[in-house]
Amino acid sequence: MVAVSAGYLVPGPDFAGTVHSVFATACNLAVDGLLLTVHDAVAPHTPTSVRVTGWRPAARVGDPVRCRSGLLSFGAHVLDLRDVPVWTPPPPTRASSTVTGWRQVAELRERYVEAEGLTVPGLDGRAESLLEALTGRPHDVPGAVARLVGFGPGLTPSGDDLLVGTLAVLSRTARSAGGPAPARAFRTLADGVRRHAHRTTDVAAHYLRLAAEGHYSEPILDLVDALVTGADRTAVPARTQAALRVGASSGADGVAGVLLGLRVLGFSPDRKAA
């Protein structure tokens, strides 16, 4: 395998850890409280990923991980990280008062979920409870978060992926001068997520904690920027499809979180914030 890029939160040049988990599509390395994910370069960037060509993992859980002067070794692999490009998301542009494409994203997600059979009973009700808490009963947010964390199937359960998408909208809008409301909602939700992240899988908890600190994967950021900041509104359909294709169901649940985040901010389909 040959490393071709690394996320901006990948430490270096020296660190140590252990192999946390090995899957057909990825290998997670536990390092300094983070999970570094080594995966095929066909998959998109994340803040803590190392993308490689020639993906063929040869490692076992518990194998030592060492990086010395930018040379990362684990299992049978040695990856040279010294000169690989570092993926860093661009800063958001100023938030728009109108979200164009909201309805289109919702329709694309609905069709995708139906075609792939990804409906998760109970998820919508929990999402509505979170919406009500964030928009009128902030003291209820921790409880609403607790009902979502770890809820649903998968290595990263549906409720966790939804929370990540919601946090992405609130964080990105707050950072692009969207006023005090997004920042306040983000802080409230992030606090709840930090409190309950331990209730889910290790991998999901990793991404929840990253999201609570404002760190997200490339597909979700691209979609949020196209919707909220108007960075490239013509790209909304393609960016929605790219986000939906992440994982088995993670993408669909993350996009549901994006739509929920827009509702928290008072947006309705193709209209200004309330």
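Author: Let's start with Thr240, which touches Val105, Leu108 and Leu223, leaving out residues up to four places away in sequence; contact here means heavy atoms within 4.5 Å. This is a predicted model, so local features need pLDDT of at least 70 and side-chain atom pairs count only at pLDDT 80 or more, while totals for chains, interfaces and linings use all residues. Residues are numbered from 1 along each chain as its sequence is written, and side-chain values use heavy atoms, with hydrogens and water left out.

Thr240 is buried, with a relative accessible area of 0% (buried is under 20%, exposed over 50%, partly exposed in between, using a 1.4 Å probe and protein chains only). Thr240 is found in helix H8; helices are DSSP runs of H or I with at least four residues, strands are E runs of at least two, and both are numbered from the N terminus.

Now for the helix pair. H8 (residues 236–244) packs against H1 (residues 102–116) at an angle of about 35 degrees, their axes 10 Å apart. Those axes are lines fitted to C-alpha atoms over the stretch in contact, and angles run from 0 to 180 degrees between N-to-C directions. The H1 and H8 crossing is right-handed, meaning that the near helix is turned clockwise from the far one by less than a right angle. On the H1 side you'll find Gln104, Val105, Leu108, Arg109 and Tyr112, meeting Val236, Pro237, Thr240, Gln241 and Leu244 of H8. Sorted by class, the H1 and H8 contact has six nonpolar, three polar and one charged residue (Ala, Val, Leu, Ile, Met, Phe, Trp, Tyr, Cys and Pro are nonpolar, Asp, Glu, Lys and Arg charged, and the others, Gly among them, polar).

Arg109 turns up again at the second largest pocket: of the 19 lining residues, Arg109, Asp124, Leu162, Ala256 and Leu259 lie nearest its centre. A pocket is an open set of points on a 1 Å grid over the protein atoms alone, where a 1.4 Å probe fits, with protein on both sides within 12 Å along at least five of seven lines; lining residues have an atom within 4 Å of a point. H1 gives the most to the lining of this second largest pocket, six residues. By class, that lining has 11 nonpolar, one polar and seven charged residues.

H8, for its part, is among the elements that give two or more residues to the lining of the largest pocket.
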